[in-house]
Amino acid sequence: MPNNTVIEELRLEHITKRFPGVLACDDISLSVGKHEVLALVGENGAGKTTLMNIVMGLYQADEGSMFINGEKVSFKSPNDAFAYGIGMVHQQYMLVPNMTVLENIALGMKDSWHFTVDLSSVRKRIEEISDHYGLKVDPDAFVWQLSVGEQQRVELVKTLCLGAKFLILDEPTSALTPQETDELIVLLKNMSRELSIIFISHKLNEVKALSDKVSILRHGRVVFNGRTADYSPSEIAALMTGHEVEIASNNSEKTKGKDVLVIENLVVKSDRGFNALDGFNLTVKEGEIVGLAGVSGNGQRELAEAINGIRKTESGKIIFYGEEIQNLTPNGVIKKGMGYIPEERNTEGIVPSMSIKENIILKDSDGRFSSHHILKNKEIEKYASTLRESYDIRSPHIFVAAGSLSGGNIQKVILAREIDRNPKFLVCVYPIRGLDMGAAEFIHRLLLDLRNKGVGILLISEELEEIMNLSDRIAVIFKGKNQKMMDAKEATTDKLGILMAGVNDED
Amino acid sequence: MKINHKIIFKVSVILAAVLVALLVGAIMILATGESVFKTYSIIITMPFSNFRTFSEVLVRMIPLTIIALGICVSSRCGINNIGAEGQMAMGIIATTAVAFVVAPLPRFIAIPIAVLVGAIAGGIWGFIPGILKAKLDVSELLSTVMLNYAAAQFYAFMIRVPLIDPNEKTGTPMSARLPESTVLHKLFKGAAVHQGIFLALVLALIVYILLWKTSWGYKMRASGARQRAAKYGGINVSKYLIIAMIISGACAGMAGSVELMGNQGRAMEGITGGYGFSGIVVALFGGLHPAGIIPAAFFFGILLYAQVNLQILTSVPPNLVEALQGLIILIIVAVQMILSNQYLEEKFRKKFFSKKEA
Amino acid sequence: MDLILNTLTLTIRFSVALMIASMGEMFNQKAGIFNLGCEGIMTMGAFLGLLIPFSYGGAGSVPFGINLLGLLSGAAAGALMGLLFGIIVITFRAPQGIAGIGLQMFGVGLAGTLFRSYIGGSQSITGITAYPIPVLSKIPVVGQILFTHNPIIYICYALVPLAWFIIYKTPWGMKVRAVGTHPRAADSLGINVSRVRYQSLALGGAMAGFAGAFLTLCQAKMFTAEIINGRGFIAVALVYFGQWHPVKIFLGALLFTFAQVLQTQIQIFVPSFQYYEFLTMLPYILVIVVLAFNKESNKLGPAALGKPFNREMRI
């Protein structure tokens, strides 16, 4: 009877999961014991969430198996995982916004389903759980009325109401304020006396504070397993970012150019309506790379979109070569000479169903590549072929759909287009995320060349190695504010890590 | 052998789809109590029995092609125009009204004006859902359908009251015959096909050039293929959405003018005859490309002509053709999703090619 | 006075088909499926509504049970068509708008084909006749408006609170709402998203088919392939108008039927009025105007409406 099973040990062996074109999990093995807390760390796209979805029965592994107390199990649906008392709080909360907290929890509690939904039994269960763990929730509030922190509490209560004794938390603090984060850490620490927990995180101080064991994933593979107590945060940070990528470094002397991009007190709302940027300030000079470090979700996306006219700003200024460009149209910003390497290279940076040739002219179909609106096909083909060569885009020819290329080659298409338009400035978001070594190196060299030509670059990244090697100056973003601006020479992984975690010693 | 299994996958999916369509069609024919073989052979062979019957197919091809070209533009830009029926009706009524005004002018002036006015009327009827979509986020699926019904009523009113044939004593709602200077001539004596076919072919070329050779078309296609990337690239997606709907409506309006001026000769009830919806099928079947739309229009011209023959020669009701068209839409959209589904392709590969790969 | 009285009486009687179809579409949309094929399903239902009673007794009056069988066969055909739509848009994840047009053409064409083959030309039937409730129907004005209808109509009106109850109080309704708003959340709780969507399509289809059969049996008393005449599309639009709430949809159905009945009554009572097509146009224009000024309320709709669910699609 799985219902009464106490999980003494959950073990994954040789789990492999492929998506078309992507190897998400590559031969992953790990284990968690009773009342143990395992931290699963790694950059975005390393395969952590996919792995946990396999544990929950949401995805089926292509290879490998899972064992509970030494017995092989196979979960076809989350119901199977619930039956063993395993529950997961997903990074994007799985709450139906136009239903009440009570209904959201009843949605999972199938024993409350009779002719009508027995909401009073659900309410009782919520009260029990709330009292036991000190998690206060208002059962009658609609989810859309709740703050992010409150929603997270609801998620925890929901998972516990479903009988979870083994908790999986996917980046539980990524959307929380520092205060909420602290409360959660204390709470989880208490819970870990009764429960087993796997939690996914970027933030080393949390990993240190909470976990017994740590596993580091990179490119779908486990690169490190160990006991948390044996390592310092900076050691873990080093393991997390890794050294396998040979990163071109910025050795040349800093040029003393004029300020070309000045951001003053910028306030921008996120899709969910809170201030993703909250009085953000930043200056980038001509011919320098400013690296913006930070855990993703702290306003980076909104910043890049606001600069490029894709997102409206609430207040503050973006001054580009002396002109205010906030709230221009995207085309208006492009015409001022801005280049942009977007975060979502597959869905935003290219039109996937169009050919390389057509993607190369995305921003210039009405400019140099047409006369009287008639496209100059010969010229476009010649140009695209030249770029394919000089940017080393690996494809049979320029007529293949850009979406069918590998991530690295898609990124090269975007860079070719953006750089060859001779921009006056480049905003570059997670340029090498998920790319292999060769492509990453190539892209870094392109960025350095561009800088040496006098173009200012804002480099937004989570990879500290990348930032420290490429940048002239480094800023750290946290909760929509610029934590600190420093010279690249002063920066160390430790220092940046602390700032990224929201601790600012100068405060 | 990666390419091999991909091609085999695609071919088998398409073959299976054709088989399903024929099979369901056969079941429907059986349900009417008619011989399946006889029905299919009438549909296929009748149009080719002589030039007159062949030209009956061609005459149906004309509005089908023009409407489908318009739908091709809007669909490529990412907006579904299912209001061609109404846009066509508006084109017919506007052309009828203007035909009597321009009648004294010479043909080479009167005809372009009449067609242009039809295009403008259809374009306005396409502009409304376009701007509603771009500015107020109104579903074009609903607004275009509603405008079809509104146009049908307006049309009925126009031929019943202001434009009614003054010589018609029974009160049948229809306009007078168009004046000679606005009639498109038949190409051959005794065959229905008329000069409008040239307009259809020229429009096909124009739409091809617009979509694939100009920066406007490029921007429309980019907007339709991935709106987010188009916005990133500085393209004013709303603007092109509206333009695409205007073009789409103008095409349908023109199709109405040409059908009126070349085939029907006067505005009367039922003149649009479902062309607006058949045009959607043609556009989809033609792969949203003019080069595909022309043969697709020919194919569906055969089907529409079969409505006449089936009624005379078999006990199969003409409504069967509409059911078949609906079925074909359902199959096409499903097949497109299967073909682009990498998971299914992967499964297919594992099932039939795993030995070779391993 | 007769104009107003007739209009109100007929509004009560004629709004039923629109209301039931719209309520069915609401179940589809609540589960995240935009079923534009409602028109085709209704036409099939309308045909089946005629088939059994006509085969049994021709134009004459037939036992109530046979008529009821007509209604139920319409519902059954509708459910089957809903499931067919499910295969296309749920299993194959085809774009729902264009697939809906395919379903509409398929349904209208098939109903017309079968009608011509099995019944022939347009035939009228007795259908289900009105049954004035004793005593109550004698109340002046109100009696005629409310209590002179056939029994099916009262049952149909009872569906409004029932639909509300199903959506907001039963476990299935809760699943439907979850699946249409946040399918991933439902999936993460072990709810089979596709199954719930198929179920809602079957229910919605059955209701649309029933509405079609009702139209032939209780309203038109005959069948043609054009009998639905856009009601299916209006039913879809009414769901937006009613902001996905059964009671508001019901009021919307009353309003639109009122507009439609009023224009036919004006034609009868004011024969000198020349512009009745413009009156007929009004409900359609009204739909567009309502949609245009309803921008904010679109946000109230099921957030996943029209979006195929694919668990392994990586975002």
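**Chain B and its surroundings in a predicted model**

For 358 residues, a compact globule would have a radius of gyration near 21 Å, and chain B agrees with this at 22 Å; the radius is taken over C-alpha atoms, and the globule rule is 2.2 Å times the number of residues to the power 0.38. This is a predicted model, in which local features need pLDDT of at least 70, side-chain atom pairs count only at pLDDT 80 or more, and totals for chains, interfaces and linings use all residues. Residues are numbered from 1 along each chain as its sequence is written, while chains are lettered from A and ligands numbered from 1 in the order in which they are written.

Along its principal axes, the C-alpha atoms of chain B fill a box of roughly 80 × 60 × 35 Å. The chain has 14 helices and zero strands, where helices (H or I, at least four residues) and strands (E, at least two) are DSSP runs numbered from the N terminus. Of the 358 residues in chain B, 57% are buried; buried means 20 or more other C-beta atoms within 10 Å of the residue's own, exposed 12 or fewer, and partly exposed in between, with C-beta atoms placed from the backbone. Among contacts in chain B with a separation of 6 or more, 76% join residues 24 or more positions apart. A contact here requires C-beta atoms, placed from the backbone, within 7 Å.

One buried position is B:Val183, with 20 other C-beta atoms within 10 Å. B:Val183 sits in the loop between helix H6 (140-160) and helix H7 (196-213) of chain B. Leaving aside residues up to four places away in sequence, B:Val183 touches B:Leu178, B:Met261 and B:Gly265. B:Ala110 is 73 residues from B:Val183 along the chain, and their C-alpha atoms are separated by 9.4 Å.

Turning to the neighbouring chain, 20 residues of chain B are in contact with 22 residues of chain A. Helix H8 (215-225), helix H9 (227-232) and helix H14 (342-357) of chain B each supply at least two residues of the side that touches chain A. H8(B) gives the most, with six residues. This side of chain B comprises eight nonpolar, six polar and six charged residues; Ala, Val, Leu, Ile, Met, Phe, Trp, Tyr, Cys and Pro count as nonpolar, Asp, Glu, Lys and Arg as charged, and the others, Gly among them, as polar.

Chain A is divided into domain 1 (2-241) and domain 2 (245-337 + 426-507), with bounds from an automatic or database domain assignment. Their C-alpha centres lie 32 Å apart.

Conventions:
Two residues are in contact if their C-beta atoms, placed from the backbone, lie within 7 Å.
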